[in-house]
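Subject: Structure for you to look at

Hello,

Here is the structure I promised. Please open it beside this email and follow along.

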Amino acid sequence: MDNKYTLNEIGCHYSAKSCCRNSAHMLPVTDWLADLPENAQETDLVEVQFKNTRKGYFHNVDKLPLEKGSVIIVEANPGYDMGEVVLTGRLVHLQIKKNRIDTSRYEIRNVVRFATEEDKQRAAEAHAKEQVTMIKARQLAKSLGLEMKIGDVEYQGDGNKAIFYYIADGRVDFRQLIKVYAETFRVRIEMKQIGARQEAGRIGGTGPCGRELCCTTWMTNFSSVGTGAARLQNISPNPQKLAGMCAKLKCCLNYEVPVYEEASKKLPPRNLPLETQDGTYYLFATDPLKGEVTYSTAQRVPANLQVISPERAKEIIAMNQRGEKPESLGGKSTTAVEVQEVGYQNVVGQDDLTRFDKKRNNRPRNNDRNARGERQGGNRNGGGNGPRNNRNNGRNNEKKNQDSAAQ
């Protein structure tokens, strides 16, 4: 093990994970200026993370040697709270600007000291009561008939205050609920409304991609997601496939939007048809990343589809504007439903999922039946001299003889 950190510092680091719990795996902003000597002299502000995604900014007025991962005690209202330092130096100002925090209205408190073992023990005892408190709080809210859901409870480091995160579709009058909570839990109550995305990030889970939710692992800020992102990427507008665990549009729909926007700039206009000597073609489909556009002789129906490049489409548009018409589009013909081969390569050396399945005997059953019929003396389809066919032929001959005698 590297001797850069002492045993006390390592123990403090792991104690922070046990106290802050889910906040430990939330990846903060990479401090790429941390190794510069002049970085710490830029500002005394530090970014401190508490449970899950809750963060705050504090002044290091006593010039403590704070580093990323340090567990500290900060001022709170009332009392004090315990958190983990996730960012220091000049990048803190950029984070404040990114989060659109008005420093004139935002009260920036001070860092008190490093957390001691007694502080960590007291915070661990307070956090241990959160699950029981949340269940009891839900029962009390339901008994009062309030249309709200308590999603999570967070105790302050000293245990004198509790934040109740709730979800509600509309406005909720919880004045009576706060009185009941204060009498039941004997702490100062703070109610904070969150959305469905924030709840999914606090609870956690596994997404349809098989990985842990982005809002649980590394996302700290939520940006609006619209259906235009799906249309830009030619994704089917299926609500069940576009919705995430929070029943909202998936945040990952925005990940590749800039790439598609840049690639879409090379595409021809959608409302301009292409005039050729063999007919008029209308834009039917586009593939921005592949650099192909598909034209059809009908506006909304796939007919005589032709796939060409965007450059060729713009060339034909320029010819039409000059009053010229090419003989044809010069593209390759395709059908409305075309099977495309995916160039998959097993680059990680993984075996097939069906490698343990038993191999089935795929011999056709009709061949076995025909073979059995031939062994009995003929074909079951009526073309042989088997026992059944012999009986049928004898009956037919007797009937013919009776008919001829009657005549």
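Helices (H or I, at least four residues) and strands (E, at least two) are DSSP runs, numbered from the N terminus. This is a predicted model, where local features need pLDDT of at least 70 and side-chain atom pairs count only at pLDDT 80 or more, while totals for chains, interfaces and linings use all residues. Residues are numbered from 1 along each chain as its sequence is written, and side-chain values use heavy atoms, with hydrogens and water left out.

Which residues of α11 are buried? They are Pro310, Ala313, Ile316, Ile317 and Met319. Buried means under 20% relative accessible area, exposed over 50%, and partly exposed in between (1.4 Å probe, protein chains only). An α-helix has 3.6 residues a turn, so residues three or four places apart point the same way.

Just after α11, glycine 323 has a positive phi of about 85 degrees.

Now go to α4 (residues 130-143) and α5 (residues 175-185). Their axes come within 11 Å and cross at roughly 140 degrees. That makes α4 oblique to α5. (Angles under 35 degrees count as roughly parallel, over 145 as roughly antiparallel, 65 to 115 as roughly perpendicular and the rest as oblique. Axes are lines fitted to C-alpha atoms, for helices over the stretch in contact, and angles run from 0 to 180 degrees between N-to-C directions.)

From α4, the contact uses Thr133, Lys136, Ala137, Arg138, Leu140 and Ala141. From α5 come Leu177, Val180, Tyr181, Thr184 and Phe185. Contact means heavy atoms within 4.5 Å.

Next, find leucine 144 in the loop between α4 and β6 (149-155). At 36% relative accessibility, leucine 144 counts as partly exposed. Leaving out residues up to four places away in sequence, leucine 144 touches Gln176, Leu177 and Val180. Leucine 144 and phenylalanine 174 are 30 residues apart in sequence, and their C-alpha atoms are 9.3 Å apart in space.

Last, the whole chain. The protein chain has 13 helices and 13 strands. Of its 407 residues, 34% count as buried.

Best wishes
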